[in-house]
Amino acid sequence: MTGEKKKMNVISFDRSKKIPDAARVAEFAATARKLLRERSAGDVVARMLKETPREEWAALAEREEIRNSGALERLSRDISSSLEKEPTDALAMSALATTIAETLPADDYPPIVTAQMRAHAWKDRAQALSYVGRDQEALEAIERAETLLQPFAAVGHDRAIVRLVKAIVLQHLKEWDASLAELKYCRQVFIEHHDDKRVLHCGLCEGLLLHRRGEYRKAHDVLESLLEVAQSDTNTLAAVHNNLALSLLELGDYTAANIHFSEAARHLNDAGRKIEAARAEMNTGLLFLRKGKPQHAMPHLTTAFNVFEHAQMPEEIGMCGALMMEANLARGYDDRARSVAAQVARQLENTRVSRQALEAITYAQNAIEAHDDAIAAVRHVHQYFQALLTDPAREFAVAR
Amino acid sequence: MISAEERFTAIYEQHFPLLAQIAVHKFRVPDTEAETLAHEVFLTYLRKSDTINDLRGWLIGAICHASRHYWRLNGRNVNVEEDFDFDRVDPSSMRIVDSLPAQIAAREALECLSPRCQEILRLRYFEGWTMHEIADHFGVKPKYAQKLVSKCLRRAEAMYGAKGKNES
């Protein structure tokens, strides 16, 4: 290339030519000041939620002290952390957040910041809806978020965050190709923004998608390539190990699967995420059961059961207890299965699910006693407790 | 010790010129619009400042993305002079380039290509991206982007020829 041509391709840069306009600097400084000041509203909203019954959270949207960015940021964090343990809380918080965001006066913040706040509230709503299986409504929430961001060119990163959630919802709806296309778009935007953490999340989602589509070898290869880059992020590393283990299990490599499951649980425990670690243990137990390895399932299920018992999580106690009954029945230990049923019944007394729970457990106990396809009965009970997570008012009905 | 607000303002004043220059010179966004884009990038940064590890990288990525989106929202009217070197067609592909727009059937040939080739040719010939934009999109140098386009065109030609033979 000649010197002249080389010169043509170099961007000339002269700082003096682009001094920011004083009015814009002032607007930016005022917005920064306002957002910083409002951060304290995060504690206010947390306190209000604690002191108010969940059924009345919607009315909090009228309280002036939480109608701001700080409260919305805190709600977003709390929704994210409640998704696993209390999805119904997450759902109620997300409804509160969208109401606050949508009714904020248009001139409180610069238009692009208002759009950003509203879009993120809808994105959180979509996540919460998706967690309780309301995927079509989740897609509608995503659509609202995308519409809010549409007029602005400078919200590419926010747009990709919204579309990452869309990719996950599309996976739940088994729209594999559409989900992959979204992931591809998001990964490109996150790479461009040097957002390594979300690039990693895109990889995780792709691995999960391939796994769900039954392409276990491909899923394994995608996930394995993430192990090294995920080292700096304990939570993501745990998720990579967990999903790798799931793929290995399908590929029949039980030893390697067990190692990765243990790593996942270790990292979650290290990160203080005991509940998620227990959930991972329970899933491990379930998968070993389904693979006809009940002897490998029991240690995982027992560990998980103890955590759920300690955390007083009735639905999970019921689910895990039913799996423990199944593991014992599969090994011919009917007495132990009965003893687990009695233990679960004791644990669930006086909890929010006690009446239905006792009906379900009694049904399992009777089936074990009568040797009447007891495994099918305890599986039905497991499904019932699982359904209670998303439908707390569900009544127990015997299997037909 | 400076306050958080002062820190934000310092970041704005330090990086604003760079962002506006990138929008103007790299993407040829008009001056006033470029400054608006840079300003809006900073506004969106405020609510996520705690989660950004590489500030400069994030800001540059954001302005590049915003500039491209600006053109998608406002329609393209780009002076392609700067792209001239890269837009010169590989002589071996000249015949296909001349005939491609006229031959809708070429779309069928495109469908037989790899997804990457399909995307490259779609961006170049159906969406009118410049070679610089394609290079940015795929994270390669413009010269390599030019090679990719030529290679995909040759494959399209082979596919097109094969389809013609099968149909005749």
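Okay, let's start with helix α14 of chain A, residues 274–290. This is a predicted model, and in it α14(A) has 17 residues and reaches 24 Å from its first C-alpha to its last. That is close to the 24 Å you'd expect at 1.5 Å a residue. So is this helix mostly enclosed or mostly open? Well, 13 of its 17 residues are buried, so α14(A) is largely enclosed by the rest of the structure. After the helix you get A:G292, which has a positive phi, near 75°.

How far can we trust chain A? Its average pLDDT is 89, and 95% of its residues score at least 70. The stretch to watch is residues 1–13 of chain A, where pLDDT stays under 50. For that stretch the model has 8 contacts beyond four places in sequence. As a rule, where pLDDT is low, the predicted coordinates should not be read in detail.

Now over to chain B.

Next, where the two chains meet. Here 35 residues of chain B are in contact with 35 residues of chain A. On the chain B side, the elements giving two or more residues are α1 (4–26), α2 (31–46) and α3 (55–74). Which one gives the most? That's α1(B), with 12 residues. By type, the chain B side divides into 17 nonpolar, 9 polar and 9 charged residues.

The largest core here has 152 residues, and the ones touching the most other members are A:A364, B:A23, B:L37, B:V41 and B:I63. Helix α6 of chain A, residues 111–131, gives the most to this core, with 11 residues.

Let's zoom in on B:V41. What does B:V41 touch, leaving out residues up to four places away in sequence? From chain A there's A:A154, and from chain B there are B:L19, B:L59, B:A62, B:I63 and B:A66. There's also a second, separate core of 11 residues, which includes B:L121, B:V149, B:L153 and B:A156.

Note on methods
Residues numbered from 1 in each chain as written. Chains lettered and ligands numbered in written order. Predicted model: local features only at pLDDT ≥ 70, side-chain atom pairs only at ≥ 80, totals over all residues. Contact = placed C-beta atoms within 7 Å. Helix = DSSP H or I, 4+ residues; strand = E, 2+ residues; numbered from the N terminus. Nonpolar A, V, L, I, M, F, W, Y, C, P; charged D, E, K, R; others polar. Expected span 1.5 Å × (residues − 1). Buried ≥ 20, exposed ≤ 12 C-beta atoms within 10 Å, placed from the backbone. pLDDT = per-residue confidence, 0-100. Core = buried A, V, L, I, M, F, W, Y, C linked by C-beta atoms within 7 Å.
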